[in-house]
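Subject: Structure handover

Hello,

I am passing on the structure we talked about.

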Amino acid sequence: MSLAEEPAMDLPIIDLDVFLAGRDSPAAREECAKAARALVTYGALILRDSRVAEADNAAFLDLMEDYFAQPEEALRRDERPEVNYQVGATLENTEKPKCAVDEPCLDVIRRLAPEERPLDISAHEPDPKCRFFWRMGEPAPYATGFPSLHADNVVPAADHIRGRWTPVMTRWGESMKSAVSALAEMAAVGMGLPAETFTDAGRYGPHLLAPTASDLNKYGKKDTILAGFHTDLNFLTIHGRSRYPGLHVWARNTGRRIPVAIPAGEGHLLVQAGKQLEHLTGGLVKAGFHEVVVSDATLATLADRRARLPDRPSVRISSTFFWTLSSDFDLVPIPALADRARAVREEQLRLGRDEGEARHYPAMKVGEQVQAELKHIALMA
């Protein structure tokens, strides 16, 4: 195995095509149960959706590389701090990893075997990554109590960017949104709920196509932390294939630090559970921890791309989409799932798997949960 290759992951592969071919078929029902088991057991899965074209991901990655290769002053014009960076650009060294100071998160790290722990974030400054948020939510037919989470999109001004921007962002964003929305239906069915339980709750969510960008010319030293150990605040996060390795995930049932290697071929996507899914299920599903770092495999890929494509920017782009519940939705654990969560926790303890202190999931609006998380990562005062 060369340094540019990553070991295969052992996450379950969920075939969305089976579900879309006939939602009520026995095969679809079994695939739904498999999806739910994967989220409960691992907090992550691989989703196969033959409708998703790798060419659309490639066009998106090309556009993002070109965008983030612009001078800093061009990127700063697209920042919107007045809406807590919830649309437009966020420049490097702005967003802080919550786990650096969050005691429950630090407890998770302490309980991992030393060889499976993330790179040390205890003295980690804000992440040296940029981000862009492109909102892809359906407008609500009511006035939201959280307008800053539903701000108008920002379209970059540069001539070589602007013409491609909206078509490329929309095409790739809709592909991932469609895939993850269907998975939300599958997860609901697999958990014994009506298929529309989660999708109705997220119908007016401020879903975000949310690429990150790391300049490997500046931050290309081995073991540089590009995004510190964390979970995502939304309901489900879906990733297309990045051109550079470096993403590691932790599966709930193993505690292993797993390098992400999305299977070859069309239509494969990585999905991770977020905090809204954990909250709504009362902890039956746990939000998935992950980090992005410069690894040997990152450096091998960087050297290869510099040799083959010397005129392309050396920028690591994450092909990421955040699927989010509606801001005004009441985020309250579903009683039947909360009961199952307690049973799973007891079973984990019997198996010798200490999951730390039991979490409490108080009732709140989704928008309140989002705002609390934004304050923790320094995107909201």
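This is a predicted model: local features need pLDDT of at least 70, side-chain atom pairs count only at pLDDT 80 or more; totals for chains, interfaces and linings use all residues.

Helix packing

Start with helix H6, residues 159-190. Helix H3, which covers residues 54-68, packs against H6 at an angle of about 140°, and the two axes are 9 Å apart. Angles over 145 degrees would count as roughly antiparallel; H3 and H6 are therefore oblique to each other. Their crossing is left-handed. On the H3 side, the contact is made by Asp56, Asn57, Ala59, Phe60, Asp62, Leu63, Met64, Asp66 and Tyr67. H6 contributes His160, Ile161, Arg164, Trp165, Val168, Met169, Arg171, Trp172 and Ser175. Sorted by class, this contact of H3 with H6 has 10 nonpolar, 5 charged and 3 polar residues.

H6 also meets helix H2, residues 26-41. Here the axes come within 7 Å and cross at roughly 90°, so H2 and H6 are roughly perpendicular to each other. From H2, the residues in contact are Arg29, Glu31, Cys32, Ala33, Ala35, Ala36 and Leu39. From H6, they are Leu183, Met186, Ala187, Val189 and Gly190. The contact of H2 with H6 has 9 nonpolar residues, with 1 polar and 2 charged.

Cavity

How many cavities of 30 Å³ or more does a search of the whole structure find? The search finds 1. The largest cavity holds about 30 Å³ of space. Its lining is made up of Val52, Glu54, Asn57, Trp172, Gly240, Arg241, Gly267, His268 and Leu269. By class, the lining residues divide into 4 polar, 3 nonpolar and 2 charged. H3 and strand S11 (268-273) each supply at least two residues of this lining.

Regards

Notes:
Residues are numbered from 1 along each chain as its sequence is written. Side-chain values use heavy atoms; hydrogens and water are left out. Axes are lines fitted to C-alpha atoms, for helices over the stretch in contact, and angles run from 0 to 180 degrees between N-to-C directions. Helices (H or I, at least four residues) and strands (E, at least two) are DSSP runs, numbered from the N terminus. Angles under 35 degrees count as roughly parallel, over 145 as roughly antiparallel, 65 to 115 as roughly perpendicular and the rest as oblique. A crossing is left-handed if the near helix is turned anticlockwise from the far one by less than a right angle, and right-handed if clockwise. Contact means heavy atoms within 4.5 Å. Ala, Val, Leu, Ile, Met, Phe, Trp, Tyr, Cys and Pro count as nonpolar, Asp, Glu, Lys and Arg as charged, and the others, Gly among them, as polar. On a 1 Å grid over the protein atoms alone, a cavity is a set of points where a 1.4 Å probe fits but cannot get out, and a pocket is an open set with protein on both sides within 12 Å along at least five of seven lines; lining residues have an atom within 4 Å of a point. Grid points are joined across faces, edges and corners, and a volume is the space filled by probe spheres set on the points.
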